[in-house]
Amino acid sequence: MKLKKAIIPAAGLGTRFLPITKAVPKPMLSVLDKPTIQYIAEELDSIGIEDIVIVVSPDSDVIERHFGRNERLEQRLIADNKTELIEIEKATRKFNVQFVTQHVPNGLAGAILCAEPYVGDQPFALLLGDELLYAEAGQKPCMKRLAEIFEDTGKSVIATMEVFGDDLSKYGNIGIESEVDGVMQVNAIKEKPSVNEALSNNAIIGRYVMSGKVMGMLKDLKPKGNELYFTDALDRLAENGELLATCFEGERYDVGDKLGYIKANVEIALKSEEIGTDVAEYVKELSKRLK
């Protein structure tokens, strides 16, 4: 079945980035000159998805404004004949974006369920906002890889990466039954295990393609405290032999972490055609002053 829909949960409070996130939603924090949520939406270009549901918090209207039309800005850019900037502004509104508000902060599964009226029982891509994935020329974008596996098999598929030591406890962890041509059959999920409890060295990262049955499974989840856990649904898929995983090509940046956010800004600035050379020279000079 062809993949046509995507969900981007963006309703978190971003408390690790206070005080800026008191007024600016974390998905709108900029990496170089674009908010992180735009980078995430652009990952969908590789699979031709333009229908996106963004799940926002009650006070995140700035995200809607970013993806909407700003006629005053547009008219000024046209009057000033700033053709390149006009195209940059147009790129922010090329997607067909629907917004839905998550009024109750009840976890990732709860956020996904907020999008159910727009997605129904169709398969969907799911992209989490704390991670940016960057594919160089010649590398296959992560979402394209996931979509191809889903369309070949009809099974839900998640992106994974290898982690070791104490880092295992930071991620969801997968058990692997078998692997063929880089596609792993997942047989269990464990949420943030200790080193001794880990099922493998493979962690779940925030890119998924889910089959149409998943939304119904989420409706059946029992809350644990105040949260519905998405990994409970993934574990059920794994038990039924309906969950696959694959590694990805390119770089992953954890922009939900302050150090990861700084790394993303520096490395993406270095890739910039506009300022990359100047940034490289600055970094070289700066390194000489560090002790």
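These legends accompany close-up views of a predicted model. Local features need pLDDT of at least 70 and side-chain atom pairs count only at pLDDT 80 or more, while totals for chains, interfaces and linings use all residues. Residues are numbered from 1 along each chain as its sequence is written, and side-chain values use heavy atoms, with hydrogens and water left out.

**View A. Strand 6 and its partners.**
Welcome to strand 6 (residues 124-127); here strands (E, at least two residues) and helices (H or I, at least four) are DSSP runs, numbered from the N terminus. Phe124 and Leu126 point one way from the strand, Ala125 and Leu127 point the other way, and all are buried, meaning under 20% relative accessible area, where over 50% is exposed and in between is partly exposed (1.4 Å probe, protein chains only). Strand 1 runs parallel to strand 6, joined by 3 bridges, and Ala6 stands opposite Ala125. Strand 11 (residues 202-210) runs antiparallel to strand 6, with 4 bridges between them; there, Leu126 has Tyr208 as its bridge partner. Two strands pair if DSSP finds at least two bridges between them.

**View B. The buried side of helix 5.**
Helix 5 (residues 107-114) has Gly107, Ala109, Gly110, Ala111 and Ile112 as its buried residues. They pack against several elements, among them strand 1 (5-10), strand 4 (51-56), helix 6 (116-119) and helix 8 (214-219). Strand 6 and helix 9 (230-239) are also included. Contact here means heavy atoms within 4.5 Å.

**View C. Thr231 in helix 9.**
Look for Thr231 in helix 9. Its relative accessible area is 15%, so Thr231 is buried. Leaving aside residues up to four places away in sequence, Thr231 touches Ile189 and Glu191.

**View D. Helix 10 against helix 11.**
Helix 10 (residues 258-271) and helix 11 (residues 276-289) pack with their axes 6 Å apart, at an angle of about 130 degrees. Axes are lines fitted to C-alpha atoms over the stretch in contact, and angles run from 0 to 180 degrees between N-to-C directions. The two helices are therefore oblique to each other (under 35 degrees is roughly parallel, over 145 roughly antiparallel, 65 to 115 roughly perpendicular and the rest oblique). Val266, Ala269 and Leu270 of helix 10 meet Gly276, Val279, Ala280 and Val283 of helix 11.

**View E. Cys247 without a disulfide.**
Across the whole structure, the search finds 0 disulfides, that is, pairs of cysteine sulfur atoms within 2.5 Å. For Cys247, the nearest cysteine sulfur is that of Cys142, 9.7 Å away. Cys247 counts as partly exposed because its relative accessibility is 36%.
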